[in-house]
Amino acid sequence: MDLLNTLVDKGLRRELPTRDEALAVLATSDDDVLDVVAAAGKVRRHWFGRRVKLNYLVNLKSGLCPEDCSYCSQRLGSKAGILKYTWLKPDEASRAAAAGLAGGAKRVCLVASGRGPTDRDVDRVSDTIKAIKDQNENVEVCACLGLLSDGQAERLREAGADAYNHNLNTSEGTYGEITTTHTYADRVDTVQKAHAAGLSACSGLIAGMGESDEDLVDVVYALRELDPDSVPVNFLIPFEGTPLAKEWNLTPQRCLRILAMVRFVCPDVEVRIAGGREVHLRTLQPLALNLANSIFLGDYLTSEGQAGKADLEMIADAGFEVENAGEVTLPEHRASVAGGCGSHADAGCGSHDGAGCGSQAESGCGSHADGGVCGSAAAVPAAAAAPAEARTDLVSVRRRGAGTDLAPNA
């Protein structure tokens, strides 16, 4: 297909596709999905080989959030039967992280519900980062604490944090329909604060909330402009007790098309399959490794994931290999940039005019995460298709690991 050949060529050159090309990827038919995966897979292998980076979530503080994000089981007014607990002590968090690291994880993501951290919270997380790094010399630590105030990103960097996650989640135009207690601009500001502090920025999206193809393209193009080093792609987990509990809009093929579109728009960025892969990709998860070079190992913040052992077997059976601690995730032209920002002037993913670095898993991170001929932008969008069958049997609340006395899944 001419569209896919064009997108592969652009991806190998780190050239931005047109919006019509990105929309056309989402409009391809299920009959063409293997061709789409094969094409985006060429771009993924060019920049990342067959390596898969493993990340491990530690939920430092669960539930009790004052924000009203409709997708989140920890939101204000949520009736989801999730674990609720206040801050883990540094030694508790370090023990939880150790399980994931023993399972092969390279990065630990420290997450806390809430609008954003107080200065005392930053002190707590700083102590936790030190405890983890004292026990694990080469570990990467990403913090995800919500909206940041001035100076907090710098303090986290000084404490040893390598990265900061704050997802845009959906397009600016529809953000107000998902959340009312903070704005899209607030989220952009926090990603920019992370950049400015020299932290590697991590920011992604949630698909499956009833958004249009145009919304998906809008948020991915906005992410490219923000220039994060990693882009987690979450697929909505429709928790009972949340406003989006009835949103079952995704099929495995739709998820693959979304991941392929993200890869074409951000060819040299760590694309991570985050929350919801087990619920929506299901048995097609191994195919998604041809598009994303990063996954979460084991459980998520409030839901259970695939068994950690099954994750490792899936990676090996699909012909991929786990990225080890001594390997650099990003391509050299991104990894060599000070602070890991990855900003560059030659049309790389997220490059932008006149703005250098610093000038600017399931969700819940922080402030609370067809038809038509291939290449035809006028085709009926996949979002207009009949809703996927609800698979509530695949949504399981986490009852083990952090905040419990049971061993974690890693």
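1. Two strands are said to pair if DSSP finds at least two bridges between them, and strands here are DSSP runs of E with at least two residues, just as helices are runs of H or I with at least four residues, numbered from the N terminus. This is a predicted model, in which local features need pLDDT of at least 70 and side-chain atom pairs count only at pLDDT 80 or more, while totals for chains, interfaces and linings use all residues. Residues are numbered from 1 along each chain as its sequence is written, and side-chain values use heavy atoms, with hydrogens and water left out.

2. Strand β8 (residues 270-273) pairs in the parallel sense with β9 (residues 294-296) over two bridges, and within this pairing Ile273 stands opposite Ile295. β8 also runs parallel to β7 (residues 230-235), to which four bridges join it, with Val271 as the bridge partner of Val231. Between β7 and β8 the chain passes through helix α10 (residues 252-265) in a right-handed β-α-β crossover, that is, one whose path from the first strand over the helix to the second runs clockwise with the strands pointing away from the viewer.

3. Along β8, Glu270 and Arg272 point one way while Val271 and Ile273 point the other, and all are buried (under 20% relative accessible area, 1.4 Å probe, protein chains only).

4. Glu211, in the loop between β6 (205-207) and α9 (213-226), is buried yet has no salt bridge, the nearest side chain of opposite charge being Arg254 at 4.8 Å; a salt bridge requires a side-chain nitrogen of Lys or Arg within 4 Å of a carboxyl oxygen of Asp or Glu. The side chain of Glu211 does reach the backbone nitrogen of Gly208 at 2.8 Å, and one of its polar atoms lies 2.7 Å from the backbone nitrogen of Met209.

Key
Buried means under 20% relative accessible area, exposed over 50%, partly exposed in between (1.4 Å probe, protein chains only). Lys and Arg count as positive and Asp and Glu as negative; His and the chain ends are not counted. A polar contact is a pair of N or O atoms within 3.5 Å; within protein, one must be able to donate a hydrogen and the other to accept it, and residues adjacent in sequence count only if both atoms are side-chain atoms.
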